[in-house]
Amino acid sequence: MSDQTGNFAGKVILITGGTGNIGLATASRLAGMGAAVALLDLDEGRLAEACKGLGTQDTLAKGYVCNVTSVEDVHKTINAIISDFGKIDFLFNNAGYQGSFAPLHTYPEDDFARVMQINVCGAFNVMKAVSEHMVSRRFGRIVNTASMAGVQGPPNMAAYAASKFAIVGLTQTASKDLAPYNIRVNAISPAFMGPGFMWDRQVELQASAGSQYFSTDPEEVSRQMINSVPMRRYGDINEIPGVVAFLLGEDSSYMTGVNLPIAGGIL
């Protein structure tokens, strides 16, 4: 990392879902590259702990409690960040909710609505509010967290897959709408990431969904998932931040509307 330190000096990045594994790992990477970091999440205690770990004498990190599904809350928070930091250069639009695992014909309607509200409406709310500021400055870089679920459509994940397909489409449209203002908009699509809570949850819920695609034994499901990856392993969370940094930085200066898989290969 030492050869990249200072690349983002003077830049301000906003990260939603900032205390989750991906958000926090990315915040740590970008803070190490000199960026000031504003973290958005719902848990005040976790935000305080995260910022304490990120902030140094040379790097400012500040947390903001924000419900991304509330337009009013989002605008209030974005205004507070601009007031505190003076600007927002980068947005890592990362907040999300995985939802239930069930076949389409039994999928709970209330959970479908919740997934869409958080993953799609929430992402739109933040991107719209931040882009208004970026348009006024004629500069901005946005990376949205999509998913391989929004590329390949896995079984038993109707809501999550639909929401992430929507994020890919939203990224492509936003990239065209914002290109005249020197704003680039790209996406990342992680696949299986582990180890940890999210990996274990996905394995257990796919096993309990009772479909023809996976075993009912979580250990076998884990093997089935990994064997579907050309590299025959799940990804490490720390393999994500470098891709985000690339899309935010000038090495990707002629890229917009792109969705980069972080998936160990695509079958």
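This is a predicted model: local features need pLDDT of at least 70, side-chain atom pairs count only at pLDDT 80 or more; totals for chains, interfaces and linings use all residues.
**Entry 1: helix α1**

I started with which residues of α1 are buried, and got Ile22, Gly23, Ala25, Thr26, Ala27, Arg29, Leu30 and Ala31.

My list for α1 reads β1 (12-16), β2 (36-41), α2 (44-54), β4 (90-93) and α9 (241-248).

Then I checked the length of α1, residues 21-32. With 12 residues at 1.5 Å a residue, the helix should span 16 Å, and I find its end C-alpha atoms 17 Å apart, so the two agree.

I also went just past the end of α1, where Gly34 has a positive phi of about 100°.

**Entry 2: strand β5**

Buried or exposed, I asked of the residues of β5 (140-145)? Six of the six are buried, so I put the strand down as largely enclosed by the rest of the structure.

I sorted its side chains by direction. Gly140, Ile142 and Asn144 point one way, while Arg141, Val143 and Thr145 point the other way, and all are buried. I recall that in a regular strand side chains alternate between the two faces of the sheet.

**Entry 3: partners of β5**

On the β4 side I count four bridges to β5, with the strands running parallel. Phe92 is the residue I find opposite Val143 of β5. I followed the chain from β4 through helix α4 (residues 109-137) to β5, and this β-α-β crossover is right-handed.

My other partner for β5 is β6 (residues 183-190), paired in the parallel sense over six bridges. Here I see Thr145 opposite Ile188 in β6.

Technical notes
Residues are numbered from 1 along each chain as its sequence is written. Side-chain values use heavy atoms; hydrogens and water are left out. Helices (H or I, at least four residues) and strands (E, at least two) are DSSP runs, numbered from the N terminus. The expected span of a helix is 1.5 Å times one less than its number of residues. Buried means under 20% relative accessible area, exposed over 50%, partly exposed in between (1.4 Å probe, protein chains only). Contact means heavy atoms within 4.5 Å. Two strands pair if DSSP finds at least two bridges between them. A crossover is right-handed if, with the strands pointing away from the viewer, the path from the first strand over the helix to the second runs clockwise.
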